[in-house]
Amino acid sequence: MSAGTAKINVTVAEVKPINDLVTRFKFVRTGGGELPTFSGGAHTVVEMQDGSTTRLNPYSLMSDPADRGAYMVSVRRDDEGRGGSLFMHNNVREGMEMVISNPVNLFSLDLRAKKHLMLAGGIGITPFVAQMAQLSHTNGLFELHYSVRTASLGTYAEELSEQYANKVHIYHDDQNERIDLETLLDGQPLGTHIYVCGPKGMIEWVHKTAEELGWPREAVHSEEFLAPASGKPFEVKLAQSNKIIQVGEHQSLLEALEANDVDAPYLCRGGACGQCETTVVECDGKLVHYDHWLTDEQREGGKLIMPCVSRFEGKTLVLDR
């Protein structure tokens, strides 16, 4: 772990299938004791030893922040992914010892808000479970609108509807139920903040609609962790350490740096936090940006890259590491 994400040795206390795609994992501190405090919206990076490969995947904490006895995360199985979710589903068992990071919050509640309007899609529900628990302890005003594919795949939809009656609204894609976003946003009281977590298209839709309706940018919050994209293998040279590193087809630049004992900072590993931002010393080719941290101007300038998700195509890439 790096950049303040200290390691915590944990034991898997529970593995519970929630539906056909999602499984919940409960971690307790190995040897006993309380876990570090966190606030709703925080995530932890789970370390997985998958044969000779070390996988580091961020997952939102969904347990009650008031309970320091355990952390819970929910993982959606992705059969076409890079292997992290499959490892969690296929290999992690109760009693297994693992390593996770200290919580990091890139999607925290703005407690100055008069009301918190939450919009979730699919597995994007997980940070809101912790946020709603946090707000319920302080009588905070919130409202959740949750879009799911089907009732059977509505992760925690039934439980949340029962727990927070009249505050949770569920929409089923297979029944052609849709969030009337314009009407919803137009009818909110002054001082409301919007939070959205879900598929990329949903996040962009909410930001665009809010902007068109005149919502201030600082009142619209979103979270999306991107999985590192695969691509053609490439070579990178490091100006400070004089190392030459090969980045594989299904390996991120950050993972290649770590595999070669280069300390590269990170917090999210998903193109969201900006912590791993690296200066490009020389580039004979094309930087392929997948993050949502750099501005369009920075990308066009060709002087920065986010190693956690972005790639390179060309002859020569030299980084300031």
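The model is predicted, so local features need pLDDT of at least 70 and side-chain atom pairs count only at pLDDT 80 or more, while totals for chains, interfaces and linings use all residues. Residues are numbered from 1 along each chain as its sequence is written, and side-chain values use heavy atoms, with hydrogens and water left out.

Helices (H or I, at least four residues) and strands (E, at least two) are DSSP runs, numbered from the N terminus. The buried residues of α5 are M202, I203, V206, T209 and A210. Viewed down the axis of α5, these buried residues fall within an arc of 140 degrees, so they line one face of the helix; the arc is that of the directions from the helix axis to the C-beta atoms. Their cover includes β8 (115–121), α4 (181–186), β11 (192–197) and β12, with contact meaning heavy atoms within 4.5 Å.

How far apart are the end C-alpha atoms of α5? They are 18 Å apart, which agrees with the 18 Å that its 13 residues should span at 1.5 Å a residue, the expected span being 1.5 Å times one less than the number of residues. Just after α5, G214 takes a positive phi of about 85 degrees.

On a 1 Å grid over the protein atoms alone, a pocket is an open set of points where a 1.4 Å probe fits, with protein on both sides within 12 Å along at least five of seven lines, and lining residues have an atom within 4 Å of a point. Grid points are joined across faces, edges and corners, and a volume is the space filled by probe spheres set on the points.

The second largest pocket has a volume of about 830 Å³. Of its 20 lining residues, I203, H207, R217, S222 and H292 are the closest to its centre. Here α5 gives the most to the lining, with seven residues.

The largest pocket has a volume of about 1,400 Å³. Its lining holds 49 residues, and Y59, R76, D78, I123 and F225 lie nearest its centre. Elements giving two or more residues to this lining include α5 (200–212) and β4 (53–60), and β4 supplies the largest share, six residues.

Notes:
Buried < 20%, exposed > 50% of the residue type's maximum accessible area, 1.4 Å probe, protein only.
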